[in-house]
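These are my notebook entries on a protein model that I looked up piece by piece.

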Amino acid sequence: MRILVVGAGGIGGYFGARLVEKGEDVTFLVRPNRYNLLKENGLRLKSIHGDYSFSPQLITADSKTASTFDIVLVSTKSYHLKQAINDVKPFVSEGTMVLPLLNGMAHMDRLVSEFPGQVLGGLCFIETAVSSEGDIVQTSAMHKLVFGEMDGSKSERINKVIHCFEGTKAPIIYSDKVMEDMWNKYLFITVLSGVTTLFRSPIGAIRESSGGLDFIRTLFKEVESVMLAGGAQLSEGIIEKHMATVEAQASGMKSSMLRDIENGQETEGAHLQGELVRLAEKKGINVPYLHAIYQNLSVYELLKNER
Ligand SMILES: NC(=O)C1=CN([C@@H]2O[C@H](COP(=O)(O)OP(=O)(O)OC[C@H]3O[C@@H](n4cnc5c(N)ncnc54)[C@H](OP(=O)(O)O)[C@@H]3O)[C@@H](O)[C@H]2O)C=CC1
Ligand SMILES: CC(C)(CO)C(=O)C(=O)O
């Protein structure tokens, strides 16, 4: 299968590299600065699961030579999605599958309306970032990608994807309930990114502070109530499962959103917490902790833009 990865950042760079390492035909759609850097240095993956460097196949939005691809992995930030959709269109044909890896859910409607019948569900569990040298740095044991048909069917096309993704160093796993997996992850990341950015702290100190775990649990309950009111599919007992994960995480664990703030970058607050605050308002649900978290992110964005 011909695979196109849109964005060679933390996520796209990591999983794309693992697919190349396995021997798959992978091309990266990148913007000009990244193109120049990757042409010069190659794509260098520094990972606790093993480093890997190679000269990637690259295209940019105006590449005339590239034809269409069988599967497109979308791995930009949510605030770059609109442009990324425009840029990728020339490389998508009717038979192309579109597999988004973004956190959250709001991107799904957008992608489905652009590429009806072509979008798969997808998510990933990994801590990865681009270093100041442009390398992909992956730092903790988890490095899993989950995908499947949005309706849970074991279609002919999904069998092809399963076959193509088999045997990569990072587990790329098929799920027959990928939308539920996405909602579960959305619940988790809303809370994890929310508390780590509110307190500008890795999870350990928040968890160990007086009342910290109660704060986290209350936030989980607020977010779950909004998601359920909006028709989300969440697993039975998901809050207890997520609390157990929070309690087991290394104390230095940070969300990618906290790393974005530390690097002075834009956050995905509008896409993650903002969508839920708006939904809570629409449904008349009181979510004071979630509100405070989104307010904190909104103030950060305002100050960042004034700098
Ligand atoms: N990092 C993590 O640990 C995790 C992140 N996620 C989610 O994954 C998604 C991606 O995050 P992450 O990989 O960290 O983000 P990064 O910022 O590291 O990477 C995004 C990449 O997308 C590129 N990009 C943006 N617009 C375009 C475009 N039009 N064409 C081509 N490339 C483009 C950027 O390119 P450029 O270099 O030009 O800016 C950048 O390299 C987010 O939704 C995040 O929440 C999920 C799990 C873990
Ligand atoms: C929590 C984590 C690291 C899990 O993949 C994540 O999704 C993020 O920080 O964006």
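**Entry 1: the domains**

I looked up the division of the protein first, and found domain 1 (2–176) and domain 2 (181–306), with bounds that come from an automatic or database domain assignment. I note that this is a predicted model, in which local features need pLDDT of at least 70 and side-chain atom pairs count only at pLDDT 80 or more, while totals for chains, interfaces and linings use all residues. Residues are numbered from 1 along each chain as its sequence is written, and chains are lettered from A and ligands numbered from 1 in the order in which they are written.

The C-alpha centres of domain 1 and domain 2 lie 25 Å apart. I then checked the contacts, and 14 residues of domain 1 are in contact with 14 residues of domain 2, where contact means that the C-beta atoms of two residues, placed from the backbone, lie within 7 Å. On the side of domain 1 that touches domain 2, S8 and strand S9 (136–149) each supply at least two residues, and S8 has the largest share with three residues. Helices (H or I, at least four residues) and strands (E, at least two) are DSSP runs, numbered from the N terminus.

By class, that side of domain 1 has six nonpolar residues, seven polar and one charged. Here Ala, Val, Leu, Ile, Met, Phe, Trp, Tyr, Cys and Pro count as nonpolar, Asp, Glu, Lys and Arg as charged, and the others, Gly among them, as polar.

**Entry 2: the ligands**

Around ligand 1 I found 30 residues, the closest being Gly7, Gly9, Gly10, Ile11 and Leu102; a residue is near a molecule if its C-beta atom, placed from the backbone, lies within 6 Å of it. Helix H1 (10–22), helix H2 (32–41), helix H3 (81–88) and S8 are the elements that give two or more residues to this shell, and S8 gives the most, with six residues. The shell around ligand 1 divides into 12 nonpolar, 12 polar and six charged residues.

Axes are lines fitted to C-alpha atoms, for helices over the stretch in contact, and angles run from 0 to 180 degrees between N-to-C directions.

The axes of H6 and helix H8 (residues 212–229) come within 10 Å and cross at roughly 140°. That makes H6 oblique to H8, since angles under 35 degrees count as roughly parallel, over 145 as roughly antiparallel, 65 to 115 as roughly perpendicular and the rest as oblique. Among the residues that meet are Trp183, Leu187 and Val191 in H6, and Phe215, Leu219 and Val223 in H8. The contact of H6 with H8 has 10 nonpolar, two polar and one charged residues.

For H8 and helix H11 (residues 270–283), the axes come within 9 Å and cross at roughly 65°, and the two helices are therefore roughly perpendicular to each other. Val223, Val226 and Ala229 of H8 make this contact with Leu276, Leu279, Ala280 and Lys283 of H11. Six of the residues in the contact of H8 with H11 are nonpolar, none is polar and one is charged.

Last, I looked up H8 and helix H9 (residues 238–248), whose axes come within 11 Å and cross at roughly 145°. Ile216, Arg217, Phe220, Lys221 and Glu224 of H8 meet Ile239, His242, Met243 and Val246 of H9, and by class this contact has five nonpolar, one polar and three charged residues.
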